[in-house]
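Could you take a look at this one with me? I have put together a few notes for you to read beside the picture.

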Amino acid sequence: MKKKNAELKPEKFSAKVDFDKLVFPLVLRPWKIGDSFKPLGMEGSKKISDFFIQHKLNRFEKDAVPILVNANDEVIWIVGMRLDNRYKVTENTKKVLTLVYK
């Protein structure tokens, strides 16, 4: 059974981040072996490959998930899945950038 476009949740493909913590230019790329991030809502860091395994993604699905990174190659967002904790909006945030993936 095919998934219909109507089933896609738009909020999964948007994220709000702390603008002042970003290092430009931002780059959207596929994941690389060794990539890690600090998942929002968790302590410590996690390899993206382990994150994908936990979410039961197969090889083809892993390759289809875009990764948003800073100019310093630090992961900001696994698009549609999880934001990096370092870029979350807090009470100290002065400027918010809303990211939307279409």
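Predicted model: local features only at pLDDT ≥ 70, side-chain atom pairs only at ≥ 80, totals over all residues.

1. Residues are numbered from 1 along each chain as its sequence is written, and side-chain values use heavy atoms, with hydrogens and water left out.

2. Let's begin with Asp35, in the loop between strand E2 (27-29) and strand E3 (36-37). Helices (H or I, at least four residues) and strands (E, at least two) are DSSP runs, numbered from the N terminus. Asp35 has a relative accessible area of 9%, so it counts as buried (under 20%; exposed is over 50%, partly exposed in between, with a 1.4 Å probe and protein chains only).

3. What does the side chain of Asp35 make a polar contact with? Its partner is the side chain of Arg29, at 2.9 Å. A polar contact is a pair of N or O atoms within 3.5 Å; within protein, one must be able to donate a hydrogen and the other to accept it, and residues adjacent in sequence count only if both atoms are side-chain atoms. A polar atom of the Asp35 side chain also lies 2.8 Å from the backbone nitrogen of Lys32.

4. Arg29 leads us to the sheet: Arg29 stands opposite Ile67 in E5. Three bridges join E2 to strand E5 (residues 67-69), and the two run antiparallel; strands pair if DSSP finds at least two bridges between them. The open sheet has four strands in the order E2-E5-E6-E7, with antiparallel pairing. Its edge strands, E2 and strand E7 (82-83), each pair on one side only.

5. Now for the rings. Rings of Phe, Tyr and Trp (its six-membered ring) pair if their centres lie within 6.5 Å; planes under 30 degrees apart count as stacked, over 60 as edge-to-face and the rest as tilted. This rule gives five aromatic pairs. One of them, Phe13 with Tyr101, is tilted, at 6.3 Å centre to centre and 35 degrees between the planes. Phe13 is partly exposed at 24% relative accessible area, and Tyr101 is partly exposed at 33%.

6. Why is the pair of Phe37 and Phe51 edge-to-face? Because their planes stand at 85 degrees, with the centres 5.3 Å apart. Phe37 is buried, at 1%, and Phe51 is buried, also at 1%. Together with Trp31 and Phe52, these two form one aromatic cluster.
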